[in-house]
Amino acid sequence: LRSLVGSEMCIRDRYIIVYKICADVIFYFGGSTEENELVLLTALSSYFEALSHLLRDQIDKRTLYENLDYVLLALDELVDGGILLEADPVEITQRTSLKSKDSDVPLAEQTLPEAWKTAKQQLIKAGRKILEN
């Protein structure tokens, strides 16, 4: 619950919005009023902690922009189609780091088709690993 401190919550129309302000950046997650606000806070907290680990506690606009690959990969590891996949920031950090290290070309320098190809290869690799077990 350490990083839940400093997070805020508000209700706007029919949506619950949780947000955290850090330097010159505002992180926010939203859901319908039927959603559990603690799940939204947990997702926000996990995402923020994972980014803090990946970016060595340097969270500002410039650092996020320069490391957009990590920002997007961490979000991809956290949720898919609005469903929370992983809430452990350490696991998110490890998976995000592995994805960007597996490619010969740094993920930030790949074109979109190359990045999709890398993601597809990772998915196939993970699927084979699951089937082997």
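Mentor: Quick definition before we start: strands are DSSP runs of E, at least two residues, numbered from the N terminus. This is a predicted model, where local features need pLDDT of at least 70, side-chain atom pairs count only at pLDDT 80 or more, and totals for chains, interfaces and linings use all residues. Residues are numbered from 1 along each chain as its sequence is written, and side-chain values use heavy atoms, with hydrogens and water left out.

Trainee: How many bridges join strand 2 to strand 3?

Mentor: Two strands pair if DSSP finds at least two bridges between them. Strand 2 and strand 3 run antiparallel, and Ile21 stands opposite Ile26 there. The number of bridges joining them is 8.

Trainee: And in the hairpin of those two, which residue takes a positive phi near 55 degrees?

Mentor: Look at the link between strand 2 and strand 3, which has 2 residues. The one with that positive phi is Ala23.

Trainee: Is Ile26 buried or exposed?

Mentor: Ile26 belongs to strand 3, residues 25-32. Buried means under 20% relative accessible area, exposed over 50%, and partly exposed in between (1.4 Å probe, protein chains only). Ile26 has 51% relative accessibility, so Ile26 counts as exposed.

Trainee: What is the bridge partner of Ile11 in strand 2?

Mentor: Strand 1, residues 7-12, runs antiparallel to strand 2, with 6 bridges joining them. In strand 2, the partner of Ile11 is Ile16.

How values were computed
Helices (H or I, at least four residues) and strands (E, at least two) are DSSP runs, numbered from the N terminus.
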